Amino acid sequence: MPPADDIQRQLVAAWQLMNGRREAMRLLDVSADGFWNSFFAILVAMPVLVVGWVPLANAAFPDSTISERIGVMVRIAMVDIGAWVLPIVVLALVARHIGIRDRFVHFVVASNWGSALFAWFMLPASLLRLVFPGTDELALVLSLGIFLASLVLSWRLTNASLEKGPGVASGVFGAMLLASLLVLFALQDLLGVAPVQ
């Protein structure tokens, strides 16, 4: 795992990119090591992801044992991590054909660290569900607001990291969002962890 100072620098850079500061790309490590190290962002996001998985497992299987709920959480983890990583794999396969091969590493590094931030942005809603189980509607409204804000920030990060203009950024952003949703739904169905209604 990268040193804490490096992680902090990458997270700050991702936040600055979301706020339109393109010069923050210089703070990101876009070397080969930096590319692979950016996937440690999943571990950075893991604590808050777990906070979100617990109430989902409890609500989906209220009469299950602790070990069964842990099994459910492992399946939810596979869904979330698959929805994070598999669209990147697909993008790697098509990057040359859509004209972003030269910015692919920049995008992935920025996107991975940005995704860790987005996970932490969801912490208030996740804690609300975990600590106050009867507040599902309020947590849903809060989650939706954070999600919509995250979409805007994610588009800005995509635009800043690709440096190909708003049209290309919108295409890549839309395709990655769609791919993430398709993977999410497919894995939920495959692993039997459909979202709680």
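**Note on the helix packing**

1. Helix H4 spans residues 66-94 and holds 29 residues. From first C-alpha to last it reaches 42 Å, close to the 42 Å expected at 1.5 Å a residue. The expected span is 1.5 Å times one less than the number of residues. Helices here are DSSP runs (H or I, at least four residues), numbered from the N terminus.

2. On provenance: this is a predicted model, where local features need pLDDT of at least 70, side-chain atom pairs count only at pLDDT 80 or more, and totals for chains, interfaces and linings use all residues. Residues are numbered from 1 along each chain as its sequence is written, and side-chain values use heavy atoms, with hydrogens and water left out.

3. H4 has a kink of about 30 degrees, centred on Gly 82. The bend at a residue is the angle between axes fitted to the seven residues ending there and the seven starting there. Gly 82 is also among the buried residues of H4. Others include Arg 69, Met 73, Trp 84 and Pro 87. Buried means under 20% relative accessible area, exposed over 50%, partly exposed in between (1.4 Å probe, protein chains only).

4. What do the buried residues of H4 pack against? They pack against helix H3 (41-60), helix H5 (104-121) and helix H8 (166-191). Contact means heavy atoms within 4.5 Å.

5. Helix H1 (residues 4-18) packs on helix H7 (residues 136-162) at an angle of about 100 degrees, with the axes 7 Å apart. H1 and H7 are therefore roughly perpendicular to each other, a label for angles of 65 to 115 degrees. Axes are lines fitted to C-alpha atoms over the stretch in contact, and angles run from 0 to 180 degrees between N-to-C directions.

6. H1 brings Ala 14, Trp 15, Leu 17 and Met 18 to this contact. H7 brings Leu 153, Arg 156, Leu 157 and Ala 160. The residues of the contact of H1 with H7 divide into seven nonpolar, no polar and one charged.

7. Ser 150 also lies in H7. Ser 150 is buried, at 9% relative accessible area. Not counting residues up to four places away in sequence, Ser 150 touches Phe 118 and Phe 121.

8. Check Glu 163, in the loop between H7 and H8. Its phi is near 55 degrees, a positive value in a residue other than glycine. Glu 163 counts as partly exposed, at 44% relative accessibility.

9. Ala 179 sits in H8 and counts as buried at 19% relative accessibility. Ala 179 and Met 73 are 106 residues apart in sequence and 22 Å apart in space, C-alpha to C-alpha.

Technical notes. Helices (H or I, at least four residues) and strands (E, at least two) are DSSP runs, numbered from the N terminus. Angles under 35 degrees count as roughly parallel, over 145 as roughly antiparallel, 65 to 115 as roughly perpendicular and the rest as oblique. Ala, Val, Leu, Ile, Met, Phe, Trp, Tyr, Cys and Pro count as nonpolar, Asp, Glu, Lys and Arg as charged, and the others, Gly among them, as polar.
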